[in-house]
Amino acid sequence: MSTKKLHHNRHLPEEIIVQILCRLPIKPLIRFSSVSKRWHYLIIKDPQFAQSHFKLASDRKTLTQRLLISTDYQLRSLDPETPSFVDNDSSLHNLTFRHFSNLLGCCNGLVCVDVDGYEKHDLSLWNPSTGFKHELPDSDFACAVKIMSCFAESDFGRSGLGYVSSTDDYKIFIDADVYSKPSQTFMEIYSIRLNSWKPIQVRGHDPSCSFRSPTTSWGPLTNEALHWFYRKVGEEEPTILAFDLAKEEFREVPFPTFDGDADDIDVNDMGVQVVSRGGGGGGGECLCVSITRRRGGVNFMEFWVMREYGVRESWTMLFKFNTDHVSESLGGNLHGYEAIFVSEGGTVIFRLRDRDRLVRIECRREAEPVCSTPFNVNDGDGPVYNVIAYNETLFSVPKLGLHEMNEADVS
């Protein structure tokens, strides 16, 4: 091949370059963003490229999932399939805080982070993969906390982040309390399009008449709704409470109908998760519940998925395991645990609430579960506050109004 022809082949059409970049994982893409200003804009700031990359990875079932762990003064990332920290990975942009942080929700790789300095709540949207960070204006709740900071404590009861396709908008939901005299409750919605908070009135199911089990306060997201496990006061049957982000109202999602051979169901160990179909974070998502049932004197933990959203008959048991086997592997009783990650293939990661350690369990049909050695997630120094699963993406949100300035002509 002649030198002239080689020189000519160096300059590929831009559409070909974009198609090649679209098929690359996040880690090399972040490195390639330093090649030129044009590539930096394309990879880090172009919303169309971020959407194309996400759609292609979803269709090919190659999205990479991570666990984001909120520890004392920092956020750390963990690969759920191989429990080894990736703090030193240049593709991960860790955040360090002067105060501990809460994780309030996750959607499309964006995480809502609350930095709780005891005297205020500073909320931001953050993409751990790109380092994108968007600070949110103060909500009424945050303003009340600042006023009452010396006299009252505050807490998030429920929260969540989601995307509403009909309005092309991200929304953040919070249901929080300031324990003043008298105490104050704030239920608010933040809209990225409007860049503002608004109080909302409860419509549909009234959550104040329900009992929430001691599970994660942020609501797992699927079908543009946030979900929590609930049991109504005075009723035995549990239910799932959903908050529809488009309609901004609560509704109930039917719980699985169980057979009658279980002696008991432990409502304290119930949880709600979301499971990705087909693995790799692609192929859509299903609502999932984890329950502990006693059968013939033996405790089993079961994981059920709702194959068709909202249809009770579509609940199917994904897998189960004998909790006694796991307890033996841990060298003691398996009490006070929370499933924080569930995969279609049978991987479950539990957080041991009293010891702030994680345990990874592999469940393969009827075989005994394979339990990893519990590992510390904070080097044994301080508690773990939240753990949330996220997909590696390139998504960001506009910082000024609905659309960012057009930077397509950057060279």
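1. A residue is called buried here when its relative accessible area is under 20%, exposed when the area is over 50%, and partly exposed in between, with a 1.4 Å probe and protein chains only. By that criterion, 50% of the 411 residues of the chain count as buried.

2. This is a predicted model, in which local features need pLDDT of at least 70 and side-chain atom pairs count only at pLDDT 80 or more, while totals for chains, interfaces and linings use all residues. Residues are numbered from 1 along each chain as its sequence is written, and side-chain values use heavy atoms, with hydrogens and water left out.

3. The chain has seven helices and 25 strands, where helices (H or I, at least four residues) and strands (E, at least two) are DSSP runs numbered from the N terminus. Taking contact to mean heavy atoms within 4.5 Å, 53% of the contacts in the chain between residues at least 6 apart in sequence join residues at least 24 apart.

4. Helix α2 (residues 14–22) packs with helix α5 (residues 47–59) at an angle of about 50°, their axes being 9 Å apart. The two helices are therefore oblique to each other, a class left for angles that are not under 35 degrees (roughly parallel), over 145 (roughly antiparallel) or 65 to 115 (roughly perpendicular). The crossing of α2 and α5 is right-handed, and the contact is made by Val 18, Leu 21 and Cys 22 of α2 together with Phe 49, Ser 52, His 53 and Leu 56 of α5. The residues of this contact divide into five nonpolar, two polar and no charged.

5. Helix α2 also meets helix α4 (residues 37–45), with axes that come within 12 Å and cross at roughly 50°, so α2 and α4 are likewise oblique to each other. This crossing, too, is right-handed. Glu 14, Ile 17, Val 18 and Leu 21 of α2 make the contact with Arg 38, Trp 39 and Leu 42 of α4, and by class the contact has five nonpolar, no polar and two charged residues.

6. Turning to the strands, an open sheet of three has the order β2-β1-β25 with antiparallel pairing, two strands being taken to pair if DSSP finds at least two bridges between them. Its edge strands, each pairing on one side only, are β2 (74–78) and β25 (384–391), and the twist averages 25° from one strand to the next. Strand β1 (residues 65–71) pairs with β25 in the antiparallel sense over seven bridges, and Leu 68 stands opposite Ile 388 in β25.

Definitions and conventions: Axes fitted to C-alpha atoms, helices over the stretch in contact; angles between N-to-C directions. Left-handed = near helix turned anticlockwise from the far one by under 90°. Nonpolar A, V, L, I, M, F, W, Y, C, P; charged D, E, K, R; others polar.
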